[in-house]
Each structure stands twice: as C-alpha cells, then as structure tokens.
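Dear colleague,

Please find below the structure that I am handing over to you. My findings follow directly after it.

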Amino acid sequence: LKNEECHGAEITQLEKAIYTLDKQLREIDQAIGSGGLALQEARNIQKTLRDARGLGVLDAAGGGVAATAVKHKKINEARRQSDALRSRISQFNSELTDVNIGFHLGQDDVSGFLRFADFFLDGLLADWAVQMRIGDYQQEIAGVESSLRSMVTRLEQMSRTMQHERYKLKEQQKLLVLGTKS
C-alpha cells in the first residue's frame with residue numbers, strides 16, 4: 001500500500017510537469033506563429049524594395065516622371081509594410097516575454113529633400129541618393145529578417161526539445177501507472 005502511495009505522488013508530480021510543458025508548448029507555438037507572420041512581412045518589404053530599386057534604375061536611365069512616381073509609390077508601400085512589420089514584431093515580442101528578446105528597426109524614410117529632388121529635379125545625383133537609401137534599407141530589413149528567422153528557429157528547437165521531454169514524462173507516467181496496477 002505504501003508503494004502505491006509513493007507511485008501516486010510520483011504520478012501527480014509527472015502530471016504537473018506535463019501540464020507545465022503543455023502550457024509552455026502552447027506559448028512557444030503562439031510565438032512561432034507570430035514570428036512567422038513577422039518574417040513574412042519582412043519578405044514582403046524586401047520584394048517591394050527590389051521593385052522600387054528596379055524602377056530606380058529605370059528612372060536613372062531616363063524613365064521620366066512616370067518611373068519616378070511609380071518608384072515612390074513602391075517606397076510608400078514599403079513604408080506601410082514597415083508599419084505592419086513593426087506591429088507584427090510588437091506582437092512577436094509580447095509572445096516572447098519569457099524569452100526576453102526584442103527587435104529594433106532602423107529609420108525607413110527617404111528624406112523629404114531627397115524625395116523632392118528626385119521627383120522634381122530628376123537628376124542623376126538625386127536618383128543615385130535615393131537608390132543608395134533603398135539599398136541601405138534593404139540591408140536593414142535583411143538584418144531584421146535574419147534575426148526573426150533565427151529566433152523562430154530557436155523556438156522550433158525549444159519546441160522539439162520540450163515535446164521530447166513531454167514524451168519521456170508520459171512514458172514514465174505510463175510505466176508507473178502500469179506498475180501500480182499489477
């Protein structure tokens with residue numbers, strides 16, 4: 001009888017440990033999902049910036065006012081996407097409160113002067129300056145994307161480790177339960 005009481009306490013402890021792991025796994029899964037959304041938003045920005053950069057090359061080659069206007073439309077789209085990315089990262093950070101890691105994005109605006117000069121003066125020097133800024137921002141977003149990918153990968157590894165630990169605890173629990181009934 002005393003042996004069964006001891007096993008009962010062990011089984012209860014295992015159930016508590018499994019419950020705690022299940023709770024942690026749910027939080028990690030939510031963080032992975034949130035991080036995946038932020039990562040997708042960063043990829044969307046990269047595509048928009050590649051489009052803007054391509055239009056910038058066309059603009060510098062004499063594409064005229066239309067190429068300049070479409071390029072700036074893409075730059076503005078990237079700004080809106082950046083706002084969405086910041087929101088996604090904020091949500092991701094709130095999911096990572098236990099992990100205590102945050103992200104910081106750099107400034108994403110093309111200065112008012114450069115935009116004015118590029119649109120109205122349409123000179124090669126102004127086009128080059130806007131192209132440089134787009135390139136700088138592509139590098140910034142690439143860094144954010146890399147950080148997001150790294151964090152999601154770490155979370156996925158944590159999840160696999162916890163799932164394995166949970167499996168071992170469940171097996172241990174099963175052995176105790178089967179042992180007390182025989």
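I begin with a charged pair: the side chains of Glu140 and Arg133 meet in a salt bridge, with 3.4 Å from N to O. The term salt bridge is used here for a side-chain nitrogen of Lys or Arg within 4 Å of a carboxyl oxygen of Asp or Glu. Glu140 is partly exposed at a relative accessible area of 27%, whereas Arg133 is buried at 18%. Buried stands for under 20% relative accessible area, exposed for over 50%, and partly exposed for what lies in between (1.4 Å probe, protein chains only).

Please note that this is a predicted model, in which local features need pLDDT of at least 70 and side-chain atom pairs count only at pLDDT 80 or more, while totals for chains, interfaces and linings use all residues. Residues are numbered from 1 along each chain as its sequence is written, and side-chain values use heavy atoms, with hydrogens and water left out.

Further salt bridges

The whole structure contains 9 salt bridges. One of them joins Arg43 to Glu145, whose closest N and O atoms are 3.6 Å apart. This pair links distant parts of the chain, since Arg43 lies in helix α1 and Glu145 in helix α3, 102 residues apart. Arg43 is partly exposed, with 36% relative accessibility, but Glu145 is buried, with a relative accessible area of 12%.

Another salt bridge, between Glu77 and Lys74, has its closest N and O atoms 3.7 Å apart. Because these two residues are 3 apart in helix α1, about one helical turn separates Glu77 from Lys74. Both are partly exposed: Glu77 has a relative accessible area of 25% and Lys74 one of 22%.

Fold and core

The secondary structure consists of 3 helices and 0 strands, in the order α-α-α along the sequence. Helices (H or I, at least four residues) and strands (E, at least two) are DSSP runs, numbered from the N terminus. Of the 182 residues in the protein, 35% are buried.

The largest nonpolar core has 32 residues, and those with the most contacts inside it are Leu49, Leu85, Phe92, Ile141, Leu148 and Leu155. Helices α1 (2-95) and α3 each supply at least two residues of this core, and α1 gives the most, with 19 residues. A nonpolar core is a set of buried Ala, Val, Leu, Ile, Met, Phe, Trp, Tyr and Cys residues joined through side-chain atoms within 4.5 Å.

Gln138 is located in helix α3 (residues 124-181) and is buried, with a relative accessible area of 13%. Apart from neighbours within four places in sequence, Gln138 is in contact (heavy atoms within 4.5 Å) with Gln46, Leu49, Arg50 and Arg53. Among contacts in the protein with a separation of 6 or more, 82% are between residues 24 or more positions apart.

Confidence

With kind regards
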